[in-house]
Amino acid sequence: MIRLAALILLAAQLILLLLVYEPSGRTATLFTFVGTPLLGLGLILLALAAFRERRRKPRDAG
Amino acid sequence: MNNEALGPLFVPPADVHWFWIAVLVPAVPAIALLLIALVRGRFPGGRLIGGGIAAATWLFSLFAYLLGAIHLTEEAKSVAFCGSCHETMPPIVESLSSDEESLAAIHYQRGAVSRSEPCYTCHSGYGIWGTVSAKQSGLGHMWRTLTRNYEFPLEHKGPFDIDSCQNCHAATKAFRDVEEHRDPELAQAMVDREIGCTGDCHPAAHPESALNGVAHASAPKAAEDAEDAEESE
């Protein structure tokens, strides 16, 4: 799940870099309607993955 | 003739934006950490440090986007940004320099509005809520562009916010000296947004020919060019 979250967040960050490189109507639309939902999804997945990791490790240790 | 050819006094001072560097500050480490997580399937470090790095990645990614949104908000004020919506806007932006009768062109050519942000100056409304409303409209524009849900000729939705005009004109002597501006009925109709300044007493904001998008604006020009070519033969 961490890989999936990282992939989605990377895609979102690349869209952000595109916007910084060339601010235009096209990149702004991409940032708003593709990048932001991707960021939201990636952040939720990353939080879930970290939460699962934290819960699993003590059990593995015991 | 371009401004540079006229001399250095005709070139406006460069408006350099450095905010993009602030966007890169959290974006670059976020990308580096995400790449490591993608390749290794986990964040570097043990349970404690790895958890901290994951949290840092989470925050960096979010913070980069927040700064990116601020960067976009600033960049979206520029006339170049408005003109970048290729289907609809270039004829309107072009008419600011080439037209002689429309209100927007008169303001632009006389330097009455910002050279770099002329669209935003008049379309953002007045005060902080004007800015909020402009951003709200911008989102709507992007959505309609994305879904191609728009029609030509472009029309202003609802009455134009006369506060944008009043912000500069209300206190001027020239404005006060016009008898019509002091007419109580007319003033009330304007305050109630029943009528606006443009298109009623004053010229239309933009020439009609510029409101039909690139395809329609270039068609008559192409026809004119063909006619000119025929005549020259």
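The model is predicted, so local features need pLDDT of at least 70 and side-chain atom pairs count only at pLDDT 80 or more, while totals for chains, interfaces and linings use all residues. Residues are numbered from 1 along each chain as its sequence is written, and chains are lettered from A in the order in which they are written.

Select chain A first. Chain A holds two helices and zero strands (DSSP runs, H or I of at least four residues for helices and E of at least two for strands, numbered from the N terminus). Its C-alpha atoms fill a box of roughly 55 × 15 × 10 Å along the principal axes. Of its 62 residues, 39% count as buried, that is, with 20 or more other C-beta atoms within 10 Å of their own; 12 or fewer is exposed, in between is partly exposed, and C-beta atoms are placed from the backbone.

The contact takes 28 residues from chain A and 32 residues from chain B, where contact means C-beta atoms, placed from the backbone, within 7 Å. On the chain A side, α2(A) gives the most, with 15 residues.

Finally, select A:L10, which lies in helix α1 (residues 2-21) of chain A. A:L10 is partly exposed, with 19 other C-beta atoms within 10 Å. Beyond its neighbours within four places in sequence, A:L10 is in contact with B:I31, B:L34, B:L35 and B:L38.

Conventions. Contact = placed C-beta atoms within 7 Å.
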